[in-house]
Amino acid sequence: VSDQKPLGCWSVKHGQILTCPVVCNFETHEYVAVHDDKVLRIWKNKDINLDKVFKATLSADVYRIHSLPNGGPLVLFKGGGVRTLDVLLEAPQQEIENVISDEVIKWSEALVEGQQPVLIFATEKDGDFFVYVQKLRMNSLHRYKLEQQELAKPLNFTAYIKNQIITLLCLCSNNSVYKALIPLQQNSEEEEQILTQSLLLNLSVSGSVLKGTSFVVLDKDHVAVLGSLSASGEEPKECLTIWNTKFQTLQTSKELPLGTSGQLWCHEEKFFFTHGKVLTVIMYKCEIASLAAAVGKLKDTQTPDVSSFVNWDTLEDEELVVSIQSQQSVALKSESKMTLRSKRNNVAKVQPDTLSVGQLLLNLKDAPTTAFEDELRQLMSKAQTPDFQATIGCVVAALINRCKTNPKYYPRNLLLEIVQTRDLSYSLCPDLMAVALEKKDVHLLQTCLQRFPDIPEEITYACLKIFLSISEAYLQRVDVNLESVMCYIDVEFNNKEVKTEVVENGFSTEQEQDSWDAKFSKETCLTNNGELCPVGPQKAALLNAVLHSAYSEAFLLPHLKNLPARQAVLFLRYLFYLYVKCSEKINTALPGISSPTINQNIMDWMCLLLDAHFTVMVMLPEAKELLSNLHKFVRAQVRFYSELNKIEGSLQELQRLNHQKDSQTYSIEVLEII
């Protein structure tokens, strides 16, 4: 989520349907899914095709699989039966008991109390709701009938456990939240007990009523509710709200104009929910609720804009303060489109006797340049604190803001020093690369591409375009890090490449040329396009930084189609050069630091570039010879690997024979492959 990059994708066959959410087995680091109600699938990250992973057909329909952080997953069947995944895999066709009769499960949750897993689920039958509590290790099951309030139908549930007591919260249709307590230690032998509920929270304030769809517990005094906030005479607005249950107040609210799916998740002090077509992540931090703080926020909620309590947007100008005032009880900060960095999780309190980072930067806004930079260096030299990364982000933002207000000011060396020595990310300083592009600071852009893990594809494309457009003469006058090219490219003053051979395991291509090598070189018909690097070492190093940057193909391809045709041809010529360079050695890795790899960088970018510009490439006369050489080279490689495939069985047999032998002395064996 933090880097906006897809890490894996798996799909079932056409006609098959995933019937419950996929979970992670934390004990084995595997994914567990169920499709078509009864078919269990288990796979790992390295698996690609779901058809080839573990499959087991169960004897009963599965309602939900629950994953526990310190134990194996629990499987809840639609009939109310519960099994651990390990027990289920021992005999997938074992008979599953039917605990509930004519009841439909509406909600379930897995909890842990003292290393003991507890499963709780709610069912409905003819308008009545029932709650079941299953303790797996003790194999005990308790059933409760939920006492319902008048005109209050349960819409959603959530629960947590503490001190052997389960607290069950119920979001009802009368815009209220009710609470019920269930002790784990039950001595009663009654088959069914009545579960009494008490009103916890009324979701209304200042004439506005929240019709909630889902909710989560933040701590003992706060809940978050997702739903529609409506006032008399106004259109309902979807909102995420946070309520103080101790003082019955609305703490803060965020309007969501693009709509949501109605689902809200909470994990490690972050909210997750869909907003329009994107996944939105919101950090929050709860502090101990106080009456003074609650009353203060209640006064804020009397105004029409209930979200004025918190700045939900990216910090800008006067909003540089990253710390939370001590009297605030709940603090949130939002960044849409999944640009949240995990390093910004920590939020520090401001000490009353010290200035906050934001206030300090505001005081320096009009300071002279020398004093301004000295103060920033002093701020960055302080010992690291929990919010140190956010502080560095604010420092960069202050420098960029001064660049915008004063076009003649550009602290290139200071910005480069910060990027090189601090563990930053694009989302911490999103305007940095935009200013570097405007100033054509290729060295800073190169460093950002190498160090930032979350650069948007639009910025990656902008860097590629400017690298290809800048002349070689200009690049020879600027500083560029050549570590990624110095081991395989060396250009003299007359721009002729001096080829550097890499000798591996005593093998040199100049000393040993077998008949296949001669045939291979002849068939590929390599011209200067393949043998000599089409760009200088500075431009090659910059292009390598682009190849090194992470990207998502779906997001990059639309931008890549806008690349000018001649720049696309030049880039393809360089990729083809790298392709040939990788293929002429024993191993397919280029020497040097952060050099491109044939599998991850070069081939992917070649395919992407051809997809974006194939029609243009075919029409351009200067690209005709390049495409022909590329075609011949790939065809020769296909033939070469085809020959290798023919002897693969023999090589595997030799490997097996060598493993069986236990040679204690040095020996040389000559093996003939017939």
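Author: Where pLDDT is low, the predicted coordinates should not be read in detail. This is a predicted model, where local features need pLDDT of at least 70 and side-chain atom pairs count only at pLDDT 80 or more, while totals for chains, interfaces and linings use all residues. Residues are numbered from 1 along each chain as its sequence is written, and side-chain values use heavy atoms, leaving out hydrogens and water.

Residues 297-354 are another stretch with pLDDT below 50, and here the model has 139 contacts beyond near neighbours in sequence.

Now for the cysteines: searching the whole structure turns up zero disulfides (pairs of cysteine sulfur atoms within 2.5 Å). Take C448: its sulfur is 6.9 Å from the closest cysteine sulfur, in C429, and that's too far for a bond. C448 is also buried, at 1% relative accessibility, whereas C9 is exposed at 69%. Buried means under 20% relative accessible area, exposed over 50%, and partly exposed in between, with a 1.4 Å probe and protein chains only.

Finally, V618 sits in helix α16, residues 598-619 (a DSSP run of H or I, at least four residues, numbered from the N terminus). V618 is partly exposed, with a relative accessible area of 48%.

Technical notes. Helix = DSSP H or I, 4+ residues; strand = E, 2+ residues; numbered from the N terminus. pLDDT = per-residue confidence, 0-100. Contact = heavy atoms within 4.5 Å.
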